[in-house]
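Welcome! Please take a moment to look over the sequence and the model below before reading on.

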Amino acid sequence: MQTKQRPVFLEIPNIRLPIPGIVSILHRISGVILFVSLPLLLCFLAGTLSREAAFETYRSVVSNPLVKLILIGLLWAYLHHSLAGIRFLLLDAHKGLELQTARATAKLAFASALVLTVVIGAWLW
């Protein structure tokens, strides 16, 4: 008599994804962050065009270090989503499908987003 094999318990914290998998997951996460934050940012910025008092309120809120960190996080989300999106468009066009090339482009997209975030964030801070 054959017994059914029980499902294997996956230890999620111990699973190690390759760099292209990490970039893919971060691409999705950054897309969700941008989707959720864009209406809030547009609503916040729209008020600054109507009255000078609203613009001064905007300036005082943005001068808060916590808000600056949140905006730098949104900057990273935008840059990562853009660079990883370009990478995925090239993969859809069957460019860079080899394993080494895919890993190299994933590392390049990830590192470029971080470096650009640091450079632009330091310039804007």
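What follows is a short tour of aromatic rings, helix packing and one histidine.

This is a predicted model, in which local features need pLDDT of at least 70 and side-chain atom pairs count only at pLDDT 80 or more, while totals for chains, interfaces and linings use all residues. Residues are numbered from 1 along each chain as its sequence is written, and side-chain values use heavy atoms, leaving out hydrogens and water.

**Aromatic rings**

- Rings of Phe, Tyr and Trp (its six-membered ring) pair if their centres lie within 6.5 Å, and by this rule there are two aromatic pairs.
- The centres of the F44 and Y58 rings are 5.4 Å apart and their planes meet at 55°, so this pair is tilted (planes under 30 degrees apart count as stacked, over 60 as edge-to-face and the rest as tilted).
- F44 belongs to helix α1 (residues 19–46) and Y58 to helix α2 (residues 52–62), so their pairing ties together parts that are 14 residues apart in sequence; helices here are DSSP runs (H or I, at least four residues), numbered from the N terminus.
- F44 is partly exposed at 34% relative accessibility, and Y58 is partly exposed at 22% (buried means under 20% relative accessible area, exposed over 50%, partly exposed in between, with a 1.4 Å probe and protein chains only).
- F44, F55 and Y58 form a cluster linked by ring pairs.
- K68 sits over the face of W125, 5.0 Å from the ring centre (the rule asks for NZ of Lys or CZ of Arg within 6 Å of the ring centre and within 35 degrees of the ring normal).

**Helix packing**

- Helix α1 packs against helix α4 (residues 99–124) at an angle of about 45°, with the axes 8 Å apart; axes are lines fitted to C-alpha atoms over the stretch in contact, and angles run from 0 to 180 degrees between N-to-C directions.
- α1 and α4 are therefore oblique to each other (under 35 degrees counts as roughly parallel, over 145 as roughly antiparallel, 65 to 115 as roughly perpendicular and the rest as oblique).
- On the α1 side, the contact includes I19 and P20, and on the α4 side it includes R103 and F110 (contact means heavy atoms within 4.5 Å).
- Helix α3 (residues 65–92) meets α4 at about 150°, with the axes 9 Å apart, and these two helices are therefore roughly antiparallel.

**A histidine in α1**

- H27 lies in helix α1 and is buried, with a relative accessible area of 16%.
- Not counting residues up to four places away in sequence, H27 touches H80, H81, A84, G85 and F88.
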